[in-house]
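Please report on the fold shown here, one part at a time. Keep it brisk and spell out the cut-offs.

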Amino acid sequence: MTGTAIGNGAAGKAATLIEALPWLERFHGRIVVLKYGGNAMIDDDLRLAFAEDVVFLRYAGLRPVVVHGGGPQISAHLDRLGMQSTFAAGLRVTTKETMDVVRMVLTGQVNREIVGLVNAHGPFAVGMSGEDAHLLTARRMHAEVDGAQVDLGQVGEIVAVNPGAVQALIADGRIPVISSVARSESGEVLNVNADTAAAAVAVELGAAKLVFLTDVAGLYPRWSGTDAASALTARPISQLTEDELAELMPGLSDGMIPKMAACLAAVRGGVPQAHVLDGRLPHSILLEIFTDSGIGTMVVPNTPQVIKGASDVSH
């Protein structure tokens, strides 16, 4: 390789770093909540890339918080036990027996794996569940399918977030990794949707960003996810306001409803930006936060909010 070629490569790397400078200034010291799920959790290369992204954010001066589910792992474990998985309105119907598996897999398996991957780069991640220190309090919920109420069993909707333990970890320079299990006021353990949990945590922490990793490139305006032909010409929406999203909600597919409802709840709760990113793309988090173009779909409030300490550059 010639010296010119080496110089050009180095210049390209320097340009990339300089491009990141406004975003480093904008988000330095701010909390970013990352909802981790989909193929990014089960593909080994993507799992490693996610851990690297989280540690990069920490070293870059941001304060990442990870909230995770574990749908594929739960389904796989239920299959091994010969237990059937049933879904309604995009949510897992959770019996008492199913809840035991959900709790074990999320808190005892998936959470520990994420913590281990992050901590391969330093003593940063601390695992916890929504049960710990009463972080998440929930109550039983029902779903409506075709106009009828469906009993989801031990599935909860979050009614309160007690962020003290998470804030203490952040202040100590740690990266909280939270599994989406909660307790009710009576002490019943409930399975809560990880998208909903991430939004509630982001609102309570005053996060500057909420990022969802999923298995699509964003929210598509004219594609439900079932028509392969239309997918060839479909393009995800780059940005929309909370009212624009609310108008689209009734026509969304079941799989997208919890994610987009969580985006809506977050921006209505004061989070300036909520993003849906393609977790199948390595380092998608860094591409969104630190590049001028960004990727995926971003939901913003009707009246744009200025991120505290930020420049006036929009992203």
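## Helix H3

Helix H3 covers residues 71-80, and its buried residues are Gln73, Ile74, Ser75, His77 and Leu78. Buried means under 20% relative accessible area, exposed over 50%, and partly exposed in between (1.4 Å probe, protein chains only). These buried residues of H3 pack against strand S3 (87-88), strand S4 (91-92) and helix H4 (96-119). Contact means heavy atoms within 4.5 Å. Just after H3, glycine 82 has a positive phi of about 75 degrees.

Helices (H or I, at least four residues) and strands (E, at least two) are DSSP runs, numbered from the N terminus. This is a predicted model: local features need pLDDT of at least 70, side-chain atom pairs count only at pLDDT 80 or more, and totals for chains, interfaces and linings use all residues. Residues are numbered from 1 along each chain as its sequence is written, and side-chain values use heavy atoms, with hydrogens and water left out.

## Helix H2

Helix H2 (residues 44-59) has 16 residues. From first C-alpha to last it reaches 23 Å, close to the 22 Å expected at 1.5 Å a residue. That expected span is 1.5 Å times one less than the number of residues. Aspartate 43 caps the N-terminal end: one of its side-chain oxygens lies 3.0 Å from the backbone nitrogen of aspartate 45. Just after H2, glycine 61 takes a positive phi of about 100 degrees.

Buried residues of H2 include Leu46, Phe50, Val54 and Leu57. The buried residues of H2 pack against S1, S2, H4, strand S8 (175-179), S11 and helix H10 (284-290).

## The sheet

Eight strands form an open, mixed sheet in the order S5-S8-S2-S1-S11-S13-S14-S12. Two strands pair if DSSP finds at least two bridges between them. Strand S5 (125-129) and strand S12 (239-241) each have a single partner strand, so one side of each lacks a neighbour in the sheet.

Strand S1 (residues 31-36) and strand S2 (residues 63-68) run parallel, joined by six bridges. Lysine 35 has valine 67 as its bridge partner in S2. Helix H9 (residues 257-268) packs on the sheet, touching strand S11 (209-214), strand S13 (274-278) and strand S14 (297-300).

## Whole chain

The protein chain has 10 helices and 14 strands. Of its 315 residues, 49% count as buried. Among contacts with a separation of 6 or more, 73% involve residues 24 or more positions apart.

Terms used. Axes fitted to C-alpha atoms, helices over the stretch in contact; angles between N-to-C directions. Polar contact = N/O pair within 3.5 Å; in protein donor to acceptor, adjacent residues only side chain to side chain.
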